[in-house]
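Subject: Predicted structure and notes on its side-chain contacts

Dear colleague,

Here is the structure I promised to send. Please have it open while you read the notes that follow.

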Amino acid sequence: MIQRVLIAGFGGQGILLIGQILADAAMKQGYHTTWFPSYGPEMRGGTANCTTIFSDDEIGSPISAMYDILIAMNQPSLEKFAPVVRSGGAVLVNSSMVPIRCDRADVTVLHVPAADLARQAGSERVANMVMLGTLLAVQDDLKQEWLERAVAAVVGKKHAELIEANLAAIRAGAEFEESIGQRAPSCGSTVLTAD
């Protein structure tokens, strides 16, 4: 098993944090893991993306030409990176910020109103964690409890007061996937949306 996850959006949206938590959770579950951040010179508003790969076997490179899952937090990221998701993969779109639809018929697509779900969970600032929770809809290798433990480990180092808001957002993302029907298949031409 190998999962190549590309997370992309604007600086300030918590893109690198999603990747870091994902890598920490995978490592704690016993997978080989890499986390490779990339960002522009701007701290906020510029581009940011990262690749997190986890596998049963050793990983040869921290980057890839094709990915299994894309988390697109903004429209430029969806437009740029949707073509590099393998057929049968998944695209998770932050529909709160992306007015267009992903039109690929060969991948599973989830349009997630991340800001609305984050607001319901307590703070719009944790929309990134909603998207991380929704990731559970398209893959079975990571477990929610390990994502939650990773939040405590990664976020708690500097901001212990934010742990509960982040955990609530992950749970909101996981519950969103359940609220729109059965578990999303890992391949095919499924489009799931609630907005």
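Phe176 has a relative accessibility of 4%, so it counts as buried (buried means under 20% relative accessible area, exposed over 50%, and partly exposed in between, with a 1.4 Å probe and protein chains only). Phe176 sits in helix α6, residues 163-179 (helices are DSSP runs of H or I with at least four residues, strands are runs of E with at least two, and both are numbered from the N terminus). Its C-alpha atom is 8.0 Å from that of Val112, although Phe176 and Val112 are 64 residues apart along the chain.

Before going further, please note that this is a predicted model, in which local features need pLDDT of at least 70 and side-chain atom pairs count only at pLDDT 80 or more, while totals for chains, interfaces and linings use all residues. Residues are numbered from 1 along each chain as its sequence is written, and side-chain values use heavy atoms, with hydrogens and water left out.

Helix α4, which covers residues 127-134, is mostly covered, with 8 of its 8 residues buried. Among them are Met129, Val130, Met131 and Leu132, and the list also includes Asn128 and Thr134.

Turning to the aromatic side chains, the count comes to 1 aromatic pair (rings of Phe, Tyr and Trp, the last by its six-membered ring, pair if their centres lie within 6.5 Å, and planes under 30 degrees apart count as stacked, over 60 as edge-to-face and the rest as tilted). The pair is made by Tyr31 and Phe54, whose ring centres are 5.5 Å apart and whose planes stand at 55°, so the pair is tilted. Because Tyr31 lies in the loop between α1 (15-28) and β2 (32-39) and Phe54 in strand β3 (residues 47-55), the pair ties together parts that are 23 residues apart in sequence. Both Tyr31 and Phe54 are buried.

The count of salt bridges comes to 8 (a salt bridge is a side-chain nitrogen of Lys or Arg within 4 Å of a carboxyl oxygen of Asp or Glu). One of these joins Lys28 to Asp24, with the closest N and O atoms 2.6 Å apart, and both residues lie in helix α1, 4 residues apart, about one turn of the helix. Lys28 is partly exposed at 36% relative accessibility, whereas Asp24 is buried, with a relative accessible area of 13%.

Another salt bridge brings together the side chains of Asp68 and Arg86, at 2.4 Å from N to O. This pair links distant parts of the chain, since Asp68 is in strand β4 (residues 67-72) and Arg86 in strand β5 (residues 85-94), 18 residues apart. Asp68 is buried, with a relative accessible area of 6%, while Arg86 is partly exposed at 32%.

In helix α5 (residues 144-155), Glu145 and Arg149 are 4 residues apart and thus separated by about one helical turn, and they form a salt bridge whose closest N and O atoms are 3.4 Å apart. Arg149 also lies over the face of Trp146, at 4.3 Å from the ring centre (a charge sits over a ring if NZ of Lys or CZ of Arg is within 6 Å of the ring centre and within 35 degrees of the ring normal). Glu145 is partly exposed at 44% relative accessibility, and Arg149 is partly exposed as well, with a relative accessible area of 42%. Elsewhere, salt bridges that share partners join Arg4, Asp68 and Arg86 into one network.

With best wishes
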